[in-house]
Amino acid sequence: MSYLNVTEVESAVVSLATAFPSLTRLIALPEPSVEGRRSHALLIGAESVAPKDSCVLTGGLHAREWGSCEILVHLAADLLEAYQGHSGLAYGGTAFTADQVRRLLNGLDLVVFPLVNPDGRRYSQALEPMWRKNRDPAASGGDPARIGVDINRNFDFLFDFTTAFAPTAGPRVSTDPLDEVYQGPRPFSEPETRNVAWLFDALPRTRWYVDVHSHAQDMLYVWGDDENQSVEPDMNFRNPAFDGARGAADDLDYAEFLEKGDADTALLLAARFCQGLHGVRGRTYKPMSAFHLYPTSGTSDDYAFSRHLVDPDKGKILAFTIEWGEQFQPPWAEMERIILDVDAGLVQFCLAAI
Ligand SMILES: [Zn+2]
């Protein structure tokens, strides 16, 4: 056993749909990647009369973070086998009963989209292991060094960071195609990014979103542009009065508004993830807001949560980013242990969410 290649990730998703037809729905993403690869997501949930809320999980936005895809494929397989077999789940020292597995899939539609950026993964596995972006040559001018857009900077959230952020903030995002955090020419310029947004539109009852990345051993929640505050609603990403003030650490000029109830729930769910993970073999992940890793714009989690604030017709999606492990491509034996860690955390997260 080793890391799955691009074809194997896709066939694993399709095989699970074939093996568990009454518990799954295969979702074809509408847009092929830049190099023409087609992707599927898998909806997992028991049939129910009443519509259910959804939790969307994505992986593989960053090409070199190989294990994210396996984490999501294994989570799907574990839950489906346990539900069908009327059994519980054991991840090292963290265990879930058969009743908990039933409660999860009876109460929730879990949607896994394990490989958002297949071209990047293929390139990383075949040629350049530390490749991060997609393989879009549009802004390269024929220079191979300028190929690719960072999918997790290409979402529509404070995309014009030179206007939005303080000159001293130094958010980890770039307008230069040579840079590994190149944001692309405009929000949603990349088909891989548009596929993720399409999934939220296609599943309007999505209430939770977790994007799986590596590495830092953190469970991050919104926001990523600045510290959070719950007392000044007008101090928010939509208000141009605060342009040039965002993103500085430890200042009084700006902090991003997050309602107290949402802030409490986000911290609680992040903590529950870390608790489930810790029980497996004692690894300690830290729940914190994304800004405390580093300031960003255009990330998937901030976009997901910002949608209901930009457009009140859209549902509220509480959004998170996992940063698993201590290296991008651990030896497979260690990756297998990380898969157990993170999947136990995700099951605990879902049980706390519903
Ligand atoms: Zn990443």
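User: Why is Val342 called buried?

Analyst: In this predicted model, Val342 has a relative accessibility of 0%, and because buried means under 20% relative accessible area, Val342 counts as buried. Val342 is found in helix α9, residues 332-353. Leaving aside neighbours within four places in sequence, Val342 is in contact with Ile71, Phe273, Leu277, Tyr285, Ile322 and Trp324.

User: How far apart are Val342 and Ser2 in sequence and in space?

Analyst: Val342 and Ser2 are 340 residues apart along the sequence, while their C-alpha atoms are 18 Å apart in space.

User: What makes Thr58 buried, and which residues does Thr58 touch?

Analyst: Thr58 belongs to strand β3, residues 53-59. Its relative accessibility is 0%, and since the cut-off for buried is under 20%, Thr58 counts as buried. Not counting residues up to four places away in sequence, Thr58 touches Leu72, Phe113, Val116, Val196, Tyr209, Val210, Asp211 and Val212.

User: How do you know that the side chains of Thr58 and Tyr209 form a polar contact?

Analyst: The side chains of Thr58 and Tyr209 are joined at 2.6 Å, and a polar contact requires a pair of N or O atoms within 3.5 Å, so the value of 2.6 Å falls within that limit and the pair is listed as a polar contact.

User: Why is His86 called exposed, and where does His86 lie?

Analyst: His86 has a relative accessibility of 58%, and because exposed means over 50%, His86 counts as exposed. The residue lies in the loop between α2 and β4. His86 also has a positive phi of about 55 degrees, although it is not a glycine. Most residues other than glycine have a negative phi. Phe188, in the loop between α5 and α6, likewise has a positive phi, near 60 degrees.

User: Which peptide bonds are cis, and what are their omega values?

Analyst: The bond from Ser214 to His215 is cis, with omega near 0 degrees, and His215 is found in the loop between β7 and β8. A cis peptide bond also joins Val222 and Trp223, with omega about 5 degrees, and Trp223 has its place in the loop between β8 and β9. Most peptide bonds are trans.

User: Why is strand β2 described as largely enclosed?

Analyst: Five of the five residues of β2, residues 40-44, are buried, so the strand is largely enclosed by the rest of the structure. His40, Leu42 and Ile44 on one side and Ala41 and Leu43 on the other are all buried, which covers both faces. In a regular strand the side chains alternate between the two faces of the sheet.

User: How do you know that β2 pairs with β1 and with β6?

Analyst: Two strands pair if there are at least two bridges between them. Strand β1, residues 24-28, is joined to β2 in the antiparallel sense over five bridges, and the bridge partner of Ile27 in β2 is Ala41. Strand β6, residues 108-113, pairs with β2 in the antiparallel sense over three bridges, with Val112 in β6 as the bridge partner of Leu42. Both counts therefore meet the requirement of at least two bridges.

Key: Residues numbered from 1 in each chain as written. Predicted model: local features only at pLDDT ≥ 70, side-chain atom pairs only at ≥ 80, totals over all residues. Heavy atoms only, no water. Helix = DSSP H or I, 4+ residues; strand = E, 2+ residues; numbered from the N terminus. Buried < 20%, exposed > 50% of the residue type's maximum accessible area, 1.4 Å probe, protein only. Polar contact = N/O pair within 3.5 Å; in protein donor to acceptor, adjacent residues only side chain to side chain. Contact = heavy atoms within 4.5 Å.
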